[in-house]
Amino acid sequence: MARATGDKDARMRRVVTFDLVVLLALGALFVASLCLGSVETSPAEVARILAAGPGDTSTAAQVIWQIRLPRAIEAVLLGGALSLSGFLLQTFFANPIADPFVLGVSSGAKLVVAVVMIVVLGAGQVMSPAASVGAAFLGSLLTMGFVLLISRRVRSQSMLIVAGVMVGYICSAATNFLVAFADDQSIVNLDNWSRGSFSGATWTDVGVIAVVVLAAGAAVFALSKPLGAYQLGEPHAQSVGVNVGGLRMLIVLVSSLLSACVAAFAGPVSFVGIAAPHLAKRGVGSSRPLHVTPACLLTGAAFCCGCDLIARTLFSPVELSVSAVTAVFGAPIVIALMLRGRAGK
């Protein structure tokens, strides 16, 4: 009994230590995001500007309040959303490389957003945040439903991933077909959106994102116990009283809503949904949802905040696509996971 209690305490210390380390890293990256850029600002000056409030009309204050602060908050929230969505999909499919980008969910969201932007609204019309989230959510649900139909016939996990990639290609091809008949302004809007970027964030966007991500995160945390039972297999989950059908539906809805929120406001962002959950699980030394959920949110937030900082400052004034930077850092992690899995066979 004493040994079991000691092991539990050691695990909790590891979880808390990892979360604190990532939180400190996130704080440092967040401050750097506010300080660095075309107009460099010292941390002391940033603190003064934030303390003074948004009423300051100086150039530095306008840059902080209207550009850098909402962008940094958006990167943090959407990074956490991507990571949590990836964790849910990996749990749902029992596949370590399932995420919204790989399974084609992001491409499906992009397709429906393109339909609304080009066909429904047309030239000169701007999608509202609510319409963007709604369109992306519909696209995510439709794509997820199609992947679920495929999963019932395909038992091989590797073939399921291949099927998801093919679904993504189909959705991308359909989007390109729409673009061929779009007006110039719609093409520019869709192209800027589809590259994956946190630029152009507004406080209205941040408000919508915060509501969606925080509500979804609270829902996942509340479902930690049934999710933990589900990880041990559906028969075990049913034996302990979990409504497996309802839980599966909730996983699909929450993961689709999270990926839709990212797609609507930042476009497709790759590899975060795969890499961040694995880093979190490795850091806390556990796959229990109660431990992994906060770690996933923090790891994804820090990962995207750091990648966004690199994307906009590395070759300043030229800004890189954040998806390109996340791929540079995320792809090696995925490759390492694949090699590790091969070595373990």
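Predicted model: local features only at pLDDT ≥ 70, side-chain atom pairs only at ≥ 80, totals over all residues.

Student: Is W65 buried or exposed?

Tutor: W65 has a relative accessible area of 14% and is therefore buried.

Student: How many aromatic pairs are there?

Tutor: The count is two aromatic pairs. One of them joins W65 and W203, with 6.4 Å from centre to centre and 45° between the planes, a tilted arrangement. W65 belongs to helix α3 (residues 59–93) and W203 to helix α8 (residues 203–222); the two are 138 residues apart, and the pair links distant parts of the chain.

Student: What is the geometry of the pair formed by F92 and F93?

Tutor: F92 and F93 are edge-to-face, with centres 5.0 Å apart and 80° between the planes. Both F92 and F93 are buried.

Student: Which two values describe a pair of packed helices?

Tutor: The angle between the axes and the distance between them. Here, helix α9 (residues 224–231) packs against helix α13 (residues 289–313) at about 110°, and their axes are 9 Å apart. At that angle α9 is roughly perpendicular to α13, because the class runs from 65 to 115 degrees.

Student: Which residues meet where α9 contacts α13?

Tutor: From α9 come S224, L227, G228 and Q231, and from α13 come P289, L290 and T293. By class, this contact holds three nonpolar and four polar residues, with no charged ones.

Conventions. Residues numbered from 1 in each chain as written. Heavy atoms only, no water. Axes fitted to C-alpha atoms, helices over the stretch in contact; angles between N-to-C directions. Helix = DSSP H or I, 4+ residues; strand = E, 2+ residues; numbered from the N terminus. Parallel < 35°, antiparallel > 145°, perpendicular 65-115°, else oblique. Contact = heavy atoms within 4.5 Å. Nonpolar A, V, L, I, M, F, W, Y, C, P; charged D, E, K, R; others polar. Phe/Tyr/Trp six-rings, centres within 6.5 Å; stacked < 30°, edge-to-face > 60°. Buried < 20%, exposed > 50% of the residue type's maximum accessible area, 1.4 Å probe, protein only.
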